[in-house]
Amino acid sequence: MSDDLKFTVQRPPAYGELTDMLPGLFWVRLPMPTAPNHVNCWLLDNGPGWTMVDCGLNTDDSFEMWDKLWRGLLRSRPLQSLALTHAHADHSGLAAFFVKEMKCSVRMPLAEWLSGWKMWHEREEGPDEQFASFLKRNGASGDDAARIMQAQRQSKFLGSRPPREFIRIRDGDVVAMGKREWRVITAGGHSAEHALFFCESDRILIAGDQILSHMTPSVIAPPAQPEANPMKDYLDSLTLLEALPADTLVLPSHGLPFHGLHVRLAQLREHHQARLDDVMSVVSGRTNAFLIAQEIFPRVLYANPRQAFGEALAHLNMLASTERLRRDVDGDGAIAFAPA
Ligand SMILES: [Zn+2]
Ligand SMILES: [Zn+2]
């Protein structure tokens, strides 16, 4: 088997263009003001109307592009249903808008709907004391914590108001979207209950952020669960997805559609194994998530501290769970790691 991924196109379509991917399945690529600068959404032709998978950030750009499409090429038939892979704002940001304007139903996993509300409350209320304490317990000084909290306050896309009503989808459900049937596969690691949609008959996988073509999805231990081991959940999900056929066409939310599912799963696994080894290589004595974030993710630390801290802690917790490191919590709750 070739080690290369086979992309269906070499260059992405223009933003906001309706691109014919497969019979009854269209691709719309929307811009984002921050990396990875775009998100892919999928439109499936139900006959009397449309199902859309993910809907983009709540920005003026995305809004204008959808407005043009729904007043133009898509106008003759309504949006009947919106399926959301997960709660992150680049996937669900415009959901409440579509529900209000088009009266569509929303399908998503329960934990994603709940996380959407949690993120929305955090954005409304601003970072709280628990986040400051999380930073300090993981090694940030008072000054560092204050600077990081300030950066967090300026971050605009923490969440958008999720839809108030939804239809819950669970792992193993079969849902009709467009003219095809899709099996729901839920996976952890990138988000709590990320949904992927697999069409057995045509071997198509709508992969969301769980499998990306050109980058690795973030894997974060969130402030609310400092002891979580999302890296294990993510690596377990790669094992689970290996059961899908090798010739599956993968439609990722960022990057380009490709063939080579098993090659990509192996690459993602190797990337994380290498990252775990990188973390081990910088641990000589007692350390903590702040020091590891500074060492391994220096650029993201102040721009996106939740990510830098969360990634560092995800790696440390995984290394502790496999007994390569020891996790110690002192009487004040400070969390440190040391070679086992
Ligand atoms: Zn995501
Ligand atoms: Zn995403």
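Reply: A83 stands opposite R107 in β7. The model is predicted: local features need pLDDT of at least 70 and side-chain atom pairs pLDDT 80 or more, while totals for chains, interfaces and linings use all residues. Residues are numbered from 1 along each chain as its sequence is written, and chains are lettered from A and ligands numbered from 1 in the order in which they are written.

Strands are DSSP runs of E, at least two residues long, and helices are runs of H or I, at least four long, numbered from the N terminus. β6 covers 79–83 and β7 covers 105–108. Three bridges join β6 to β7, and the two run parallel. Strands count as a pair if DSSP finds at least two bridges between them.

Next comes β8. β7 pairs with β8 in the parallel sense, over two bridges. Here M108 stands opposite R168 of β8.

Now widen the view. These strands belong to an open sheet of seven, in the order β2-β3-β4-β5-β6-β7-β8. Its pairing is mixed. β2 (19–22) and β8 (167–168) are the edges: each has a single partner strand, so one side of each has no neighbour in the sheet. An antiparallel pair sits within the order too. β4 (residues 38–45) and β5 (residues 50–53) share four bridges in that sense. There, L43 has M52 in β5 as its bridge partner.

A helix lies across part of the sheet. Helix α3 (residues 95–102) lies across β6 and β7, and runs at about 160° to β6. Such angles run from 0 to 180 degrees between N-to-C directions, with axes fitted to C-alpha atoms, for helices over the stretch in contact.

Then look at L110, in helix α4 (residues 110–125). L110 has 14 C-beta neighbours inside 10 Å, so it counts as partly exposed. The scale is simple: 20 or more other C-beta atoms within 10 Å means buried, 12 or fewer exposed, and in between partly exposed, with C-beta atoms placed from the backbone. Leaving aside neighbours within four places in sequence, L110 is in contact with R168 and E193. Contact means that C-beta atoms, placed from the backbone, lie within 7 Å. N317 is 207 residues from L110 in sequence, and the two lie 26 Å apart in space, C-alpha to C-alpha.

Helix α5 (residues 129–137) has F131, F134, L135 and R137 as its buried residues. Just after α5, G139 takes a positive phi of about 105°.

Last, the setting. The protein has eleven helices and 16 strands. Its C-alpha trace spans about 65 × 50 × 35 Å along the principal axes. Buried residues make up 44% of its 340 residues. Take the contacts with a separation of 6 or more: residues 24 or more positions apart account for 65% of them. Another strand pair is β15 (residues 325–329) with β16 (residues 335–339), antiparallel and joined by five bridges. In that pair, D328 has A336 of β16 as its bridge partner. Five residues lie between the two strands of this hairpin, and G333 takes a positive phi near 90°.

Notes: Contact = placed C-beta atoms within 7 Å.
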